[in-house]
Amino acid sequence: MTPAEVFSNTHQDLIKEAEHWMKDTAISCTIVAALIAAMAFAAAITVPGGNNNDNGHPLLSKQKAFVIFGISDALALFSSITSVLMFLLILTSRYAEEDFLHTLPSRLVTGLITLFVSILSTMVASGAILYLIFGDNKAWILIPIIALASIPATLFGALQFPLLVEMIQSTYGRGIFEKKSDRAPIG
């Protein structure tokens with residue numbers, strides 16, 4: 001038997017555990033990303049402040065905060081849908097041994113990054129609308145809005161950052177299966 005065959009035969013339980021962990025992670029993140037997508041879509045079609053009866057344009061469309069809301073809500077919608085798709089690709093994967101080296105970790109990294117972007121964008125969109133509705137062009141109201149909006153994004157980032165770094169290093173960094181070069185660099 002080759003070393004790879006011996007490793008495969010002796011580590012079947014490890015593959016099953018990795019598959020179970022990957023599916024649980026993907027399911028949890030899919031639910032969160034789908035909720036963000038639904039919320040971002042609902043916010044996009046429900047125009048804050050209402051529409052002008054004459055031409056149908058949003059009443060608050062001339063405000064800078066409304067533009068920030070529109071851009072960040074669109075970013076939240078598209079990044080959360082991308083995240084859902086990445087996690088669905090993980091769930092429908094075949095979970096072969098070679099998939100655990102690059103394919104599945106790459107999808108998980110992409111899914112986590114786009115999920116973080118969608119959470120951050122949702123907080124920006126929510127803060128912009130809160131400022132637009134309650135701020136009355138008072139700059140001091142931005143401080144509590146930014147402080148409160150940064151809590152969920154910071155928590156998610158802090159809790160998922162170690163996993164993300166480890167996944168990036170193990171997937172894109174020099175792996176354990178690559179040989180060290182004995183040759184001196186040229187130049």
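Because the model is predicted, local features need pLDDT of at least 70 and side-chain atom pairs count only at pLDDT 80 or more, whereas totals for chains, interfaces and linings use all residues. Residues are numbered from 1 along each chain as its sequence is written, and side-chain values use heavy atoms, with hydrogens and water left out.

Helices are taken as DSSP runs (H or I, at least four residues) numbered from the N terminus. Helix 2 covers residues 12–45. With 34 residues at 1.5 Å a residue, helix 2 should span 50 Å, and the distance of 49 Å between its end C-alpha atoms agrees with this; the expected span is 1.5 Å times one less than the number of residues. Several residues of helix 2 are buried, among them Ile15, Glu19, Met22, Cys29 and Ala40, where buried means under 20% relative accessible area, exposed over 50% and partly exposed in between, with a 1.4 Å probe and protein chains only. The buried residues of helix 2 pack against helix 3 and helix 4.

Two packed helices are described by the angle between their axes and the distance between the axes. Axes are lines fitted to C-alpha atoms, for helices over the stretch in contact, and angles run from 0 to 180 degrees between N-to-C directions. Angles under 35 degrees count as roughly parallel, over 145 as roughly antiparallel, 65 to 115 as roughly perpendicular and the rest as oblique.

Helix 2 and helix 4 pack at about 30 degrees, with axes 10 Å apart, and are therefore roughly parallel to each other. Their crossing is left-handed, a term used if the near helix is turned anticlockwise from the far one by less than a right angle. The contact (heavy atoms within 4.5 Å) includes Trp21, Met22 and Ile36 of helix 2 and Leu104, Leu108 and Thr122 of helix 4. By class, this contact has 12 nonpolar, 3 polar and no charged residues; Ala, Val, Leu, Ile, Met, Phe, Trp, Tyr, Cys and Pro count as nonpolar, Asp, Glu, Lys and Arg as charged, and the others, Gly among them, as polar.

Helix 3 (residues 64–91) and helix 4 (residues 103–134) pack at about 155 degrees, with axes 7 Å apart. Helix 3 and helix 4 are therefore roughly antiparallel, and their crossing is left-handed. Their contact has 21 nonpolar, 11 polar and 2 charged residues. Helix 4 and helix 5 (residues 142–172) pack at about 175 degrees, with axes 9 Å apart, and are therefore roughly antiparallel as well. The contact of helix 4 with helix 5 has 23 nonpolar, 5 polar and no charged residues.

Most residues other than glycine have a negative phi. Tyr95, although not a glycine, has a positive phi of about 60 degrees. Tyr95 is placed in the loop between helix 3 and helix 4 and, at 6% relative accessibility, counts as buried. Val6 lies in helix 1 (residues 3–10) and, at 38% relative accessibility, counts as partly exposed.

Definitions and conventions
Helix = DSSP H or I, 4+ residues; strand = E, 2+ residues; numbered from the N terminus.
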